[in-house]
Amino acid sequence: MQFIKNTAKSYLFFLIITSISSIIYTSIIYFSNIQISSYTLKILSFFVSITIFFILGIYISRIFKEKGLMNSFMVSLILLLFILLFKIITKSFNVSWVIKSICCLLTSSIGGIIGINFKRKKTI
């Protein structure tokens with residue numbers, strides 16, 4: 001039961017972080033006077049998603065407080081499976097998405113390893 005509760009917290013955190021970064025990302029693109037090519041947008045979105053999954057990995061390991069690699073990998077894998085299901089339904093699945101997903105899983109796992117090793121404040 002605790003796993004489901006912690007997983008739900010991490011998905012909510014993911015949605016909040018994704019929403020905030022999407023607003024910032026689109027605002028910068030919309031209000032800038034610079035012409036941005038589609039290739040540049042793809043690279044920027046790749047780095048934004050990698051950063052989001054890294055932060056998610058850190059957050060997951062801080063919630064679960066143990067097994068940062070495994071927990072962040074499993075939660076991110078479940079999240080990416082939901083996204084895969086959506087991509088199959090909308091027929092927008094391609095090979096570059098698979099590569100991006102593998103990078104996100106690896107980054108989330110690294111974030112889980114780093115997050116579990118942060119020093120926690122001791123409460124008295």
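## Helix 3 and helix 4

Axes here are lines fitted to C-alpha atoms, for helices over the stretch in contact, and angles run from 0 to 180 degrees between N-to-C directions. With these terms, helix 3 and helix 4 pack at an angle of about 155 degrees, their axes 8 Å apart. That makes helix 3 roughly antiparallel to helix 4 (angles under 35 degrees count as roughly parallel, over 145 as roughly antiparallel, 65 to 115 as roughly perpendicular and the rest as oblique). The crossing of the two is right-handed; a crossing is right-handed if the near helix is turned clockwise from the far one by less than a right angle, and left-handed if anticlockwise.

In this contact (heavy atoms within 4.5 Å), helix 3 uses Gly68, Leu69, Ser72, Phe73, Ser76, Leu77, Leu80, Ile83, Leu84 and Lys87, and helix 4 uses Trp97, Ser101, Cys104, Leu105, Ser108, Ser109, Gly112, Ile113 and Ile116. By class, the residues are 11 nonpolar, 7 polar and 1 charged. Ala, Val, Leu, Ile, Met, Phe, Trp, Tyr, Cys and Pro count as nonpolar, Asp, Glu, Lys and Arg as charged, and the others, Gly among them, as polar.

## Model and overall layout

This is a predicted model, in which local features need pLDDT of at least 70 and side-chain atom pairs count only at pLDDT 80 or more, while totals for chains, interfaces and linings use all residues. Residues are numbered from 1 along each chain as its sequence is written, and side-chain values use heavy atoms, with hydrogens and water left out.

The chain has 4 helices and 0 strands, in the order α-α-α-α from the N terminus on. Helices (H or I, at least four residues) and strands (E, at least two) are DSSP runs, numbered from the N terminus. Taken along the principal axes, the C-alpha atoms fill a box of roughly 55 × 35 × 20 Å.

## Helix 2 and its two partners

Helix 2 (residues 38-64) packs against helix 3 (residues 68-89) at an angle of about 125 degrees, with the axes 9 Å apart. That makes helix 2 oblique to helix 3. Helix 2 passes helix 3 in a right-handed crossing. On the helix 2 side are Phe53, Leu56, Gly57, Ile60, Ser61 and Phe64, which meet Gly68, Asn71, Ser72, Val75, Ser76, Leu79 and Leu80 of helix 3. These residues divide into 7 nonpolar, 6 polar and no charged.

The axes of helix 2 and helix 4 come within 7 Å and cross at roughly 35 degrees, and this crossing too is right-handed. Residues of helix 2 in the contact include Ser45, Phe46, Ser49, Phe53 and Arg62, and those of helix 4 include Lys100, Cys103, Cys104, Thr107 and Ile116. The contact of helix 2 with helix 4 has 10 nonpolar, 9 polar and 2 charged residues.

## Pockets

A pocket is an open set of points on a 1 Å grid over the protein atoms alone, where a 1.4 Å probe fits, with protein on both sides within 12 Å along at least five of seven lines; lining residues have an atom within 4 Å of a point. Grid points are joined across faces, edges and corners, and a volume is the space filled by probe spheres set on the points.

The largest pocket holds about 390 Å³ of space. Among its 18 lining residues, Ser45, Ser49, Phe53, Ile83 and Lys100 are the closest to its centre. Helix 1 (2-31), helix 2, helix 3 and helix 4 (95-116) each give two or more residues to the lining. This lining has 10 nonpolar, 6 polar and 2 charged residues.

The second largest pocket has about 290 Å³ of space. Lys42, Ser45, Phe46, Lys87, Ser92, Asn94, Ser96, Trp97, Ile99 and Lys100 line the second largest pocket. Helix 4 gives the most to this lining, with 4 residues. The classes in the lining of the second largest pocket are 3 nonpolar, 4 polar and 3 charged.
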